[in-house]
Structures are given as structure tokens and as C-alpha cells.
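Open the model in your viewer and keep the selection tool at hand. This tour moves from stop to stop.

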Amino acid sequence: MHSESPFTMPTPMPMPARTPARTPAPVTVHAGDDAARLSATAAFVREQDTSVLLSRVLPGLDGPELRAMTDRCGFAHAAVLVFPPDEHTLRTELAACGLPADAKALPSVVVRERLAARHDRDPADLDVRILRPLVRGPAGEPRAVEVFALTVPPGSALSGIAVDERRLEREAHLAFDVARPDPLVLRGLLAGFARHGAVADGGGYNPHEDGTVFYFTAPAGTKTAYRRVELYASGDHRDVLGEHLGRPLPEGPPRQPGDPQAAETLLRLLTGAWTTQALAACAELRLPEALDRHTGTQIPELARTVDAHPESLATLLRYLAMLGVVAEGPDGFRLTGVGALLAADVPGSMRPLALMYGGPFYQSFAHLAHTVRSGQPAFEHLYGENHFDHFARDPELAALFDRSMVSSAPLFDALPSHPVLTAAAGAPGRPRTVVDIAGGTGELLGRILTAHPTLRGTLLERPQVLAAARAHLAATGAGDRCAYRAGDFADVPTGGDVYVLSRVLHDWDDERCRSILRHCADAMPPHADLLVVERLLPADGGFSLATAWDLHMMCNTGGRERTSAHYARLFEDCGLTLVGHTPLALGAHTLHARRA
């Protein structure tokens, strides 16, 4: 069993008060009776079947995906925070619940810090311990009741903490131990929890027992009274934990070159290209279209459908299962929610992106060292021309690139509600016009015009793209409110009210960005607004998707991602002022600028 106290954790943050669970459970019935709460928690741990409990914790998890998750993790413990007046009372209550009264007690640093932060107390005043009395599950498997105990003597000033914490059960949680926690399996499990609505809520690494814990807030529709869930994996998985937390973690004492864990970590990093190609092969073979979300398909039948070698296909599918793209069950392989995004006909399909990253951009990345040495984009070095000109000579590849840009459409979901657009839509008098500069096939402009029927649009794009844009905008029902302008950045239409540059500036170096922004500033009337959609590099150098895209842009376009301060300087150079920026999905931001 893993102990909690030595965990190295992110700085504890006060947790918001949670409302009592909608679904009543024995654990919370007797809010003021610690003995009853202990007894109910012990009974819960003894009775739960892992598969049934997972399906209750994660609504919608069922079938082969549920079986696959059950194979990879088992229910380990439930936690409860109690407030005995003294040590003797705590031991007596444990014995009364059929729990070992001699369970070892250790200081609980993490819960002590959380309580101190929530209740504005000095941690030194809180005597919090953790005990793990053992129980047996329905099949005799070893489990534990994780008991946090804060000593609250009669008449103590800490009584208010006890009342509040019993009522809200903030420290109550469920825990699942991961069997054979290979990093790929871990990532698949974390993705599965997130796919079914669980939200990352911290975690930590315990160097004393060499174990990593991942915390989640349970989905809104969860069917248990527990609002926190944890996954525990033996071993040092701080790389995966950093992804879970959204930032890299310090590695602690440096590992020696011969350290097997260091070698394993590097090996996983070196084989990342295999993942890219496995996903691209999945998309190219049309596996998502051949698989069902609910019913499994056996290898021979699937091989016939996609015209593949059965044994080779089985190897690919096993790897995709580790990634969480497919799930294997007794009836064969089925598609997961992640894998479904690789199908061509689903909303928000990422199939074009997989084919681009596994195709021309994959080939160019093989020449990354050339870019670093020379400053020349690897794409130009490999193909002899920049990627825009190269795609223009290949209509099929150009169409794939345009579709790949649409794959990131979820980052547009919040943009139509930006205050600049809602103000333009509600302005009295003439209809206001949104000018989308280099707007591709009109995905973003279509969303804006659909959300705001009073707005009109103008799309500026290359002539070869406008036909697809007309078709797309007509399909949205907004085509009759949109004008189309064939041209380049020098042809930005004048007289608009809101100008949009979405994922354009990161394609170019600073000099070219200034040229583009000057064309915008020259075309904008004094009252107009400019909305720029880009990923922003963190000012502190922290973990960010923009860091990866910065490398991608350098290698393939000669462009770069930038900080908000960098964009502010570019705007200022072109007679514009950065008003502010707001976050979007997928690490993007909307930067709002106006004429100075």
C-alpha cells in the first residue's frame, strides 16, 4: 500500500466548497457521526466491484472500453476525514467498524496543508495523520480504508473545521491502482478519464515509495457521492504527471547515465515518431470508419475490410489500444472516442491533421538539424520551396492542408462570444462587417456569422481556395451575407468594422508580420477592432502547447509563436495598440488590438 505523507505536491490551493452529493450514499448520511462515516466507508470498500464502480464514476463508460479499463486498474481504497477527540477514541472507532485498530499512523502533510489553506490556519496547529487499515474486497482482494484524522479535543477552536469538513466531505475520494503502469497505458487511462468528463485536479510523486498519484474531479454526472478520484501508479511517472498538471515537474536528484529509469524515459521519447506514424496509418487505412464504437470487430474481418495483412494489423491495433485510440475486448476491437476523431465524416475530424503530421510535415522534421544550423525552414530545404507555394502546385495536398486547418476548429468555439463581436452584432444602424483575412475555407467566419445573424462578412483568400469557401459558407446558411475577395495581404478590404487574423502571424517572421499588420492598420477605419488568434508562449517558459508549435513553425514555415508582449511590440510598430487577450481552447488566445 502507498503512503501519502511524503508526496512532493504542487503548492496547495484552497479548494472551492462543493455542494453535497445529489445521490445519497451511506458515507454522507451521518455527517456528524464519525463512527457511522467510518463504518459506511469500510462497507463501501468491501462491497464494490471495480467494473461496476468505474461505470458509476464515469458515466457512459461501458462495453469493451470498460473491460479494458478494468483490466488496467483496480479499486484500491476510499478515503474519509474524521475528527476524533483523542487517539483512544480513534482506535476504538476503528475496532467498532471491524477495522484493524493497530493500523500505523503517519503524518499527513498534504491534507494538513489543504486544511490550513482552506480554513486560514497555521499548519503547525493541525495534527493530521493518515492510517490505512486493510479490508478485503468481494473477491478477497486486499484494499484499504484511507483514514485522515484531525485531532479536535472537546471545546477546541478547531470544531468549526470539523463541522465544515464533515458537511462538505472535501477529502473524501476514491482511488484506483494501475496495474503494470507503462507510460502509454497511463496516458490511455488518463485520456479515458478525461474523455468521460473527469477533470485533472493535481497530483504528486512520492520518492520514498517511488509512486505517482493523479487526482481528478469526478464528472458532473457521476453516480457516487465521491467528487474526487485518484489513480495511483507505482514508479516515477513525472513526465506523464507534468502533462496531467499542464506543466513540467522538477525531476529531483539527477539520475546517473546508467539509471534504467532514465534510459526508459529517453527511450519513450525517442519512439514518439512511432506514435505519429501509427496514428497516420490508422487514418490512412480508414480503421475508424471500419470499427464500431460499441461492438467489437475481430481481426480477420477487419483485415478484409481495410485490405490489410491480419498479423501486421493486429500489431498496429495493440499499439493503438495502448494509446487509447481503440479498445480490445472479447468480441474484438472497437473504436474509442479519441479514435473516432480520426474518422473522415465526424464533426471536428482530425484525420487531415494526422495525414499532414504523418506525411509532408513528418518528412520535413527529419531535417530539423538543418534548420537549427542554418535558420532555413526544413520544409524549404527538403522540397525546394516554401510550403504555401508547394501546396499551391499540388491541389490534392492543398485541399488536405485546408482541411487540416479545420481540424483545430474547437479553438473557435468561444470566439463568436468575444465582446467585440457581440458589440458589433448589437450595434444600431447599418449591419456591421467582419473581415476575415486569409480565412481559409471560412470555418471561423461561418461560426461568427451563424452566431450573429445581423453581421455581414468578407473573406479574403487565395483564388484557388475561394471555391471551397463559398461551398462551406453556403452550407452554413450564411453565404448570402458574405462577400469574397481574391487576393493577398496587400489587398485587405477597407471599411470593415471587425478584422480577424486567425493563425496567420505565426507563419511568418517579424518583418513579414509587420507588413501584414500595416496592411490591416491602413485598411481599418478609426473605430474598427482587430482580433488576432494565436497560441501564446508563456512568459515564464512554462509548459505550453505553444512551445511545441513554435518548433513546428520554425521547421516548416520559418515562422514562430510569440509571447503577448512580443505581439504588443509588433502592434505598436504598426500603429496599433494591444487592448488585451483572452484564452481559447487548445492553448490559443484572442488578442484584441485597435488603432493607436
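Is Trp508 buried, partly exposed or exposed? Trp508 is partly exposed, with a relative accessible area of 22%. Buried means under 20% relative accessible area, exposed over 50%, and partly exposed in between, with a 1.4 Å probe and protein chains only.

Before moving on, note that this is a predicted model: local features need pLDDT of at least 70, side-chain atom pairs count only at pLDDT 80 or more, and totals for chains, interfaces and linings use all residues. Residues are numbered from 1 along each chain as its sequence is written, and side-chain values use heavy atoms, leaving out hydrogens and water.

**Stop 1: aromatic pairs**

Rings of Phe, Tyr and Trp (its six-membered ring) pair if their centres lie within 6.5 Å; planes under 30 degrees apart count as stacked, over 60 as edge-to-face and the rest as tilted. The count comes to 13 aromatic pairs. Select Phe75 and Phe176. They form a tilted pair, 5.8 Å centre to centre with 55° between the planes. Phe75 is in strand 1 (residues 73-82) and Phe176 in strand 6 (residues 173-178), so this pair links distant parts of the chain, 101 residues apart. Helices (H or I, at least four residues) and strands (E, at least two) are DSSP runs, numbered from the N terminus. Phe75 counts as buried at 4% relative accessibility, and Phe176 counts as buried at 0%.

Now select Phe388 with Trp508. This pair is stacked: 5.5 Å centre to centre, 15° between the planes. Phe388 lies in helix 20 (residues 387-392) and Trp508 in the loop between strand 15 (498-502) and helix 25 (510-523), so the pair ties together parts 120 residues apart in sequence. Phe388 is partly exposed, at 21%.

Next, select Tyr357, Phe361, Phe379, Tyr383, Phe391 and Phe401. Ring pairs link them into a cluster.

**Stop 2: charges over rings**

Here, NZ of Lys or CZ of Arg must be within 6 Å of the ring centre and within 35 degrees of the ring normal. Select Arg228: it lies over the face of Tyr215, 4.9 Å from the ring centre. Then go to Arg535, which lies over the face of Trp549 at 4.1 Å from the ring centre.

**Stop 3: helix 10**

Select Leu269, found in helix 10 (residues 260-270). Leu269 is exposed, with a relative accessible area of 62%.

**Stop 4: helix 14**

Select residues 310-323, which make up helix 14. Its buried residues include Leu313, Leu316 and Tyr319. Gly324 follows helix 14, and its phi is positive, near 80°.

Conventions. The expected span of a helix is 1.5 Å times one less than its number of residues.
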